[in-house]
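Q: I'm new to this structure. Can you walk me through it, a bit at a time?

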Amino acid sequence: MSDVEVEVGSSSETTPVQEVDRVNIRFAGDSGDGMQLTGNRFTQETALSGNDLRTFPDYPAEIRAPAGTLAGVSAFQISFSSHAIHTAGDAPDVLVAMNPAALAANLKDLKDGGTLILNSAQFTKRNLEKAGYSANPIEDESLKAYKLHSIDITGMTTKALEDTGLTTKIMDRCKNFFALGVTLWLYNRSFDSTVEWIGKKFGKKPELVEANTKVLKAGYYYGETAEIFDGRFEVKKAPITEGVYRNINGNSSLAMGFVAASMKANRDLFLGSYPITPASTILHELARYKAYGVKTFQAEDEIAAVCAAVGASFGGALAITTTSGPGLALKAEAIGLAVMTELPLVAINVQRGGPSTGLPTKTEQSDLLQGLYGRNGEAPMPVLACASPADAFETAYEAARIALKYMTPVLLLSDGYIANGTEPWKLPDPDKLIPIETFSWTDPETFQPYSRNPETLARPWVTPGTPKMEHRLGGLEKAHLTGGVSYDPHNHEMMIRMRDEKVKRVTEEIPATAIEGGDSGELLIVGWGSTYGVILGAAANLRAQGRKVSCIHLRYLNPLPPDLKEVFSRFDQVVVAEMNLGQLAMILRAETLVDIKKITKVQGQPFKESEIVGKATEIMGGKSTSPFLLKTLENIIEGPLAQAEKPVH
């Protein structure tokens, strides 16, 4: 963080402005306090200011936990910078806490000396007790390590709206805009885009347009006139390649990737889905694209959803199905049907904390083994994982391309962090997208449903009802060429090996593994999914300390890149960092016979860069690579459980 004092144009010309190169802000409050909206609006204004940014929404699973409790705390962290960044940041520089529970849940993460903005009106005896405080932290000097700004946000909001005639309940709902206004002023952001957004969002209720706009400006000008802050902060524009950008989350990016693939393949896009967090918004997003031939079907359950997608694929559509963790388990049999019928299908699993219904709104990477092996019989299928919200577009397009070219179901793994997080995304040039091939057949005289493309081993995709090319499909084993039902032992083994070989030939699509950092060295950090940004940052951090550390990130998880073993051989040690107990590490050990180390974390929260740096340093120092938090069973029993929070129910 640089410390250059500059004066910028503003209505507060006497307020000192400090230039900084990166800031992390976390907004936290009760789930009804509008923290996600506040964070999103701050993000939008930041994007328009030209910074690079990443966001991390973190909200409770409870639809409405008891107000003021730890279980109901909702948070939104944004990191923005004058240079390229890849994560939402580790510790926040600023914490905005709208009640005691939000403070209790998030204070441990705030940097020493960080800025703390509290809504003092909510620090009542009852709310303090709900959060587990025996004394008011605003008054007992327990927060003296921070730059504390105790503001009566609720009272200021009420005062700003006292002549509007609104009820107290409605006025209270506007207080998040006061907090937003204060932070926009503090970081020299405009509020113009938000004022315009309020007009559109609440256009049918002019009284709310007026109220929210008035409170937003009240917060902004409070920051300017109250003189409670030492100064403001300025984050310069980041150098960004020219182009048209939008701020995008992973699920929207996935949806647009599939729409692009369907347009390139000249096929309608069909989504069969059953709502489940955090995958549901893919369905919401695709429902907006009817004009592009997109058909969305909300089924009565996961099984119906995937079976409808298999049927749509038989009918000639680019078919996809979306789900999360436990939903993928329910889809397993129908995905096996797609393997047997050799129909293109993309199943998207936006992973969340498990097992069972687990942690519905929290992120995890623990469905890898289920994705690779969670079907009966020998049922191989390509498995890809996206690395970031922007990368989700390219991964969706690639998954669809492979499914159509090889006539196979493909599993695409995302996770909650990618699904809900956002980053700037440069709109791609449609003309530069890789062409999508399909293996069709037009000659009825030579048509056989299970003949093969000699290059890809794909069978021909013929739309049902095509004259003289009628054919049947089903889950029973298929006879080579004719596709009739066959119980012949030798045919069964041949078809098993044929389907396996078809997936292996996807290896031809995989480019050479890209290494970030030197081509050899002390340590290679391997990751997949949403660990991309944090691994990239950790490796760069360690290189800045003089260590020879590089990293790679895998999009193709089945088949694996063919050059992995050779890449691994150039490093003294190889470690996989993943949010499970070591699933990819186990696979890489088996496939390469390299002594893979592992850094694991299963807390429903993404890695912090400092955590990867710390563990990697220990590994290079020859220390044990024990589980991330808990070293022994005794630690489990005597440690964290003794400090566990009260259950929600």
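Predicted model: local features only at pLDDT ≥ 70, side-chain atom pairs only at ≥ 80, totals over all residues.

Q: Ok, which strands make up the open sheet, and in what order?
A: Seven strands form the open sheet, in the order S12-S11-S13-S14-S16-S15-S20, with mixed pairing.

Q: And which are the edge strands?
A: Strand S12 (294–298) and strand S20 (556–558); each of them pairs on one side only.

Q: How far are neighbouring strands of this sheet turned against each other?
A: By 20° on average, with direction ignored.

Q: Take S13 and S14 then. In which sense do they pair, parallel or antiparallel?
A: Parallel: four bridges connect strand S13 (residues 318–323) with strand S14 (residues 345–351). Thr322 has Ile348 in S14 opposite. In general, strands of a sheet pair through backbone hydrogen bonds, either parallel or antiparallel.

Q: What about S18 and S19, how many bridges join them?
A: Six bridges, and strand S18 (residues 521–528) runs parallel to S19.

Q: How does the chain get from S18 to S19?
A: Through helix H17 (residues 532–544), in a β-α-β crossover that is right-handed.

Q: Is S19 mostly covered or uncovered?
A: Mostly covered: in strand S19 (residues 549–554), five of the six residues are buried.

Q: New topic. How many disulfides are there in the whole structure?
A: Zero, from a search of the whole structure. Cys386, for one, is in no disulfide; the nearest cysteine sulfur belongs to Cys551 and is 17 Å away. The cut-off for a disulfide is 2.5 Å between the sulfur atoms.

Q: Is Cys386 buried or exposed?
A: Buried, because its relative accessibility is 0% and the limit for buried is under 20%.

Q: And Cys174, buried or exposed?
A: Cys174 is also buried, with a relative accessible area of 2%.

Q: On to the rings. How many aromatic pairs does a search of the whole structure find?
A: It finds 15 aromatic pairs. One involves Phe178 and Tyr222, whose ring centres are 5.6 Å apart.

Q: Which parts does the pair tie together?
A: Phe178 lies in helix H6 (residues 175–186) and Tyr222 in helix H8 (residues 206–225), so the pair links parts 44 residues apart in sequence. Both Phe178 and Tyr222 are buried.

Q: Which residues form an aromatic cluster?
A: Phe27, Phe42, Phe80, Tyr187 and Phe233 form one.

Q: Which arginine lies over the face of Trp461?
A: Arg267, at 3.9 Å from the ring centre. Likewise, Arg459 lies over the face of Tyr450, at 5.0 Å from the ring centre.

Q: Let's switch to His86. Where is it?
A: His86 is in the loop between strand S5 (73–81) and strand S6 (94–97). With a relative accessible area of 35%, His86 is partly exposed. In space, the C-alpha atoms of His86 and Val534 are 6.8 Å apart, though the two are 448 residues apart in sequence.

Q: Last one, helix H19. Which of its residues are buried?
A: In helix H19 (residues 583–592), the buried ones are Gln583, Leu584, Ala585, Ile587, Leu588 and Thr592. Just after H19, Leu593 has a positive phi of about 60°.

Definitions and conventions:
Residues numbered from 1 in each chain as written. Heavy atoms only, no water. Buried < 20%, exposed > 50% of the residue type's maximum accessible area, 1.4 Å probe, protein only. Helix = DSSP H or I, 4+ residues; strand = E, 2+ residues; numbered from the N terminus. Pairing = 2+ DSSP bridges. Right-handed = clockwise from strand over helix to strand, strands pointing away. Phe/Tyr/Trp six-rings, centres within 6.5 Å; stacked < 30°, edge-to-face > 60°. Lys NZ or Arg CZ within 6 Å of the ring centre and 35° of its normal. Axes fitted to C-alpha atoms, helices over the stretch in contact; angles between N-to-C directions.
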